[in-house]
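Visitor: I'd like a walk through this one, with the criteria spelled out. Could you show it to me?

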Amino acid sequence: MADISSRPIPRHVAIIMDGNGRWAASRGLPRVAGHREGAKSVRRTIEAAIGQGVQYLTLFAFSSENWARPAEEVADLTFLMKHYLRSELGELHEQGVRLVVIGERERFGPNLAEELAKAEAKTAGNDRLVLIMALSYGGRADIVSAARKAIAAGIAPEALTEQSFTHLLSTDGIPDPDLLIRTSGEKRISNFLLWQLAYAELLFSPVLWPDFGAADFAAALEEYATRERRFGARPV
Ligand code: IPE
Ligand code: IPE
Ligand code: MG
């Protein structure tokens, strides 16, 4: 058997959870049924990440552009996020998960935004897994927001470096993702973590998000372990 003890484990895995609508459509169900089923995959994936020793897990749950969906679907997704938070927070806390939310949470209304802030505060001391939920998140908006902060702080142009700019992004303090997984066979970034994914290994899985489970997560980590990361340097 291969020695898995020395296998490189990605410290940070980011996932574009895609394919809920197609999962539902293939069963003749409304899209919301796919989103509901997708929430179960979230739970499975968090457990798998903890089991595999991953330290940071970022989940793209709602993009800046998803506001363009029909109001009914946006309402369903908002309801499900609230429901998920209420039903899962206790267990996440017990498992040692620290929740961090990135994106424009205020757009979901003051109630959800406040509940998210409380959940972050409650779990702030946990260190088994940092779970970063990207809600109403857009990579371009993140970069523009960082640029605005730099201007507002009066930073001199020559003082702005990649390093200092990184601290102005919503992901300040979180290492860049090592592995990006996108489910459902789509092969694009869809305005996810544009800056942070600069050197991530990309993995596109054909599995629809509601079907994604621990075995798929493990297979993704196996694939990651075979990748040679160079960061632009010449391999020795
Ligand atoms: C991902 O599933 C969930 C969100 C984007 C909120 P989709 O709803 O995009 O499902 P497909 O891509 O239409 O199958
Ligand atoms: C990306 O999926 C956003 C999330 C998974 C939250 P979309 O389904 O919105 O992306 P496109 O429209 O196919 O690029
Ligand atoms: Mg989609």
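Guide: Let's start with the rings: the count comes to nine aromatic pairs, where rings of Phe, Tyr and Trp (its six-membered ring) pair if their centres lie within 6.5 Å. Bear in mind that this is a predicted model, so local features need pLDDT of at least 70, side-chain atom pairs count only at pLDDT 80 or more, and totals for chains, interfaces and linings use all residues. Residues are numbered from 1 along each chain as its sequence is written, chains are lettered from A and ligands numbered from 1 in the order in which they are written, and side-chain values use heavy atoms, with hydrogens and water left out.

Visitor: Why is the pair of F165 and W195 called tilted?

Guide: Planes under 30 degrees apart count as stacked, over 60 as edge-to-face and the rest as tilted. The planes of F165 and W195 sit at 45°, with ring centres 4.9 Å apart, so the pair is tilted.

Visitor: What makes F165 and W195 a link between distant parts of the chain?

Guide: They are 30 residues apart: F165 belongs to helix α6 (residues 162-166), and W195 to the loop between β5 (179-182) and β6 (201-204). Helices (H or I, at least four residues) and strands (E, at least two) are DSSP runs, numbered from the N terminus.

Visitor: On to ligand 1. How do you know that D18 makes a polar contact with ligand 1?

Guide: A polar contact is a pair of N or O atoms within 3.5 Å; within protein, one must be able to donate a hydrogen and the other to accept it, and residues adjacent in sequence count only if both atoms are side-chain atoms. A polar side-chain atom of D18 is 2.9 Å from an oxygen atom of ligand 1, so the pair qualifies. On the backbone side, N20 has an N or O atom 3.2 Å from a ligand 1 oxygen, and for G19 the distance is 3.4 Å.

Visitor: Which element gives the most to the shell around ligand 1?

Guide: That's α1, with three residues. By class, the shell has three nonpolar, five polar and five charged residues.

Visitor: Which strand gives the largest share of the shell around ligand 2?

Guide: Strand β2 (residues 56-63), with four residues.

How values were computed. Nonpolar A, V, L, I, M, F, W, Y, C, P; charged D, E, K, R; others polar.
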